[in-house]
Amino acid sequence: MAITPIPPGDSAVAVVNPDGGGPLVLVCEHASNHIPARYGGLGLAEADRDSHAAWDPGALGVARALSARHDAPLVAGAVSRLVYDCNRPPDAASAMPARSERIEVPGNRDLTPDARAERELSVYRPFCAAVARILDARRAARVGTVLVTIHSFTPVFNGQPRTVEIGLLHDQDTRLADLMLQNAPALPHRQIARNAPYGPQDGVTHSLRLHGLARALPNVMIEIRNDLLTSAADQARLAGEIDTLLTPALIALGLSPVARAL
């Protein structure tokens, strides 16, 4: 699968265009499958480290394209979600899962409280702080902002095919998702759904709640089926399709989109 990688290193987070002046702030929690050496590969086989269990293939390419289109800051995770899933709170079992779908994660079995705390402090907290710095600086500068998180999902999960292609997920604040769904007829070739293939009941709206709801920002989580993102060209194309839904929604919210043609 063609990707735009984040260079591996010890940092838990990569920030692109932090001073971007467009109305979007983009977050891509599962942008990387990098496992720092100190975790010994979590005992995973190479195929498992490359699988969707470890990251969201294609999501970073879409997020980067949207960042460029909208002059938007982008905060991307630089560590595999199997080390720590930055879209989960520290007390959630799924923050450091011992099993992901059918993949066992030996390095996450029977983690001690100290081991869990180390990952929280070295991965989750720096990631959250990076998002908070950008959002709080924009609020102080009175810059109109919406929060958009970008994810991808597998076409088959636990043996069950998924027909949805683009999911627009929300928690209590439905403003942005509602407006984007109103524009779904502009993409008649796509299966677009609300809160699918996941929803708040699955614990996937943590970032929206922590960073968006807490600041009263319109927010949405975008899920794209990853068989649509197998090349850089695919990722750019899907970013354009997402923008077909997103730009009219920004205008309806009274914000001025940049929407540069790429």
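Predicted model: local features only at pLDDT ≥ 70, side-chain atom pairs only at ≥ 80, totals over all residues.
Q: Let's start with β6. How many of its residues are buried?
A: Eight of its eight residues are buried, so β6 is mostly covered, given that buried means under 20% relative accessible area.

Q: Which residues point which way from β6?
A: Val-146, Val-148, Ile-150 and Ser-152 point one way, and Leu-147, Thr-149, His-151 and Phe-153 point the other way. The residues on both sides are all buried.

Q: Which way does β2 run against β6, parallel or antiparallel?
A: Parallel: β2, residues 24–28, is joined to β6 by four bridges. Within that pairing, Leu-26 has Val-148 of β6 as its bridge partner.

Q: And how many bridges between β6 and β11?
A: Seven, and that pairing is also in the parallel sense, with β11 covering residues 219–225. Thr-149 stands opposite Met-221 in β11, and the bridge partner of His-151 in β11 is Glu-223.

Q: Is β11 enclosed or open?
A: Enclosed, largely, by the rest of the structure, because seven of its seven residues are buried. Asn-219, Met-221, Glu-223 and Arg-225 point one way from β11, while Val-220, Ile-222 and Ile-224 point the other way.

Q: What about β9 and β11, parallel or antiparallel?
A: Antiparallel, over four bridges. Gly-167 stands opposite Glu-223 in β11, and Glu-223 is also the bridge partner of His-151.

Q: Switching to loops. Where is Glu-165?
A: Glu-165 is in the loop between β8 (160–161) and β9 (166–169).

Q: Buried or exposed?
A: Glu-165 is buried, because its relative accessible area is 10% and the cut-off for buried is under 20%.

Q: What is Glu-165 in contact with?
A: Leaving aside neighbours within four places in sequence, the contacts of Glu-165 include Phe-153, Glu-223, Ile-224 and Arg-225.

Q: OK, Thr-154 now. Where does that one sit?
A: Thr-154 is in the loop between β6 (146–153) and β7 (156–157). Thr-154 is buried, with a relative accessible area of 11%.

Q: Which residues does Thr-154 touch?
A: His-52, Arg-162, Arg-225 and Asn-226, not counting residues up to four places away in sequence.

Q: What lies 3.0 Å from a polar atom of the Thr-154 side chain?
A: The backbone oxygen of Val-156.

Q: How far apart are Thr-154 and Ser-51?
A: They are 103 residues apart in sequence and 9.8 Å apart in space, C-alpha to C-alpha.

Q: Last topic, the largest pocket. What volume does it have?
A: About 500 Å³. Of the 26 residues that line it, the closest to its centre are Arg-81, Asp-85, Arg-88, Ser-100 and Tyr-198.

Q: Which elements give two or more residues to that lining?
A: β4 (99–100), β6 and β11.

Q: And how does the lining divide into nonpolar, polar and charged?
A: The lining of the largest pocket has nine nonpolar, nine polar and eight charged residues.

Key:
Residues numbered from 1 in each chain as written. Heavy atoms only, no water. Buried < 20%, exposed > 50% of the residue type's maximum accessible area, 1.4 Å probe, protein only. Contact = heavy atoms within 4.5 Å. Polar contact = N/O pair within 3.5 Å; in protein donor to acceptor, adjacent residues only side chain to side chain. Pairing = 2+ DSSP bridges. 1 Å grid on protein atoms, 1.4 Å probe; cavity = no way out; pocket = protein on both sides within 12 Å on 5 of 7 lines; lining within 4 Å. Points joined across faces, edges and corners; volume = space filled by probe spheres on them. Nonpolar A, V, L, I, M, F, W, Y, C, P; charged D, E, K, R; others polar.
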